[in-house]
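Dear colleague,

I am handing over the structure below, and my notes on it follow directly after. Please read them with the model open beside you.

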Amino acid sequence: MQKYFPSLQKCPLFHSIPQEDMMVLFQCLGAKVRFYKKCETVLRMGEPARKIGVVLEGEIHIEQ
């Protein structure tokens, strides 16, 4: 997880959090790194969103 901290700190949500605090934060939240294949569905309309995600690389297309 730590190898992603420099990328996460570029995001306004995380930029002011020191790396040592980020580790504690992500452990408490049970953070996981997920990889998706091209054209793979991440979430379907109408499904409850039970988690938050941050795209570290690539892009997500939202369709309705």
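R44 counts as exposed, at 52% relative accessibility, where exposed means over 50% relative accessible area, buried under 20% and partly exposed in between, with a 1.4 Å probe and protein chains only. R44 has its place in the segment after α2, and from C-alpha to C-alpha R44 lies 9.3 Å from E63, although 19 residues separate the two in sequence.

Before going further, please note that this is a predicted model, in which local features need pLDDT of at least 70 and side-chain atom pairs count only at pLDDT 80 or more, while totals for chains, interfaces and linings use all residues. Residues are numbered from 1 along each chain as its sequence is written, and side-chain values use heavy atoms, with hydrogens and water left out.

As to the overall form, the chain has two helices and zero strands, these being DSSP runs numbered from the N terminus (H or I of at least four residues for helices, E of at least two for strands). The radius of gyration of the chain is 13 Å, well over the 11 Å that the globule rule gives for 64 residues, so the chain is more spread out than a compact globule; the radius is taken over C-alpha atoms, and the rule is 2.2 Å times the number of residues to the power 0.38. Along the principal axes, the C-alpha atoms fill a box of roughly 40 × 20 × 20 Å. Buried residues make up 9% of the 64 residues, and the chain exposes about 6,300 Å², of which carbon and sulfur atoms supply 54%; accessible areas come from the Shrake-Rupley method with a 1.4 Å probe, and for residues only the protein chains shown count as cover. Of the contacts (heavy atoms within 4.5 Å) between residues at least 6 apart in sequence, 33% join residues at least 24 apart.

The segment after α2 also holds A31, which is partly exposed with a relative accessible area of 32%. Leaving aside neighbours within four places in sequence, A31 is in contact with M1 and F26, and the C-alpha atoms of A31 and K51, 20 residues apart along the chain, are separated by 9.6 Å.

I62, found in the segment after α2 (19-29), is exposed, with a relative accessible area of 82%.

A search of the whole structure finds zero disulfides, a disulfide being a pair of cysteine sulfur atoms within 2.5 Å. The sulfur of C11 has its closest cysteine sulfur in C28, 19 Å away, which is too far for a bond. C11 is partly exposed at 25% relative accessibility, whereas C28 is exposed at 65%. C39, in the segment after α2, is exposed at 75% relative accessibility, and its phi is near 70°, a positive value in a residue other than glycine. Most residues other than glycine have a negative phi.

With kind regards
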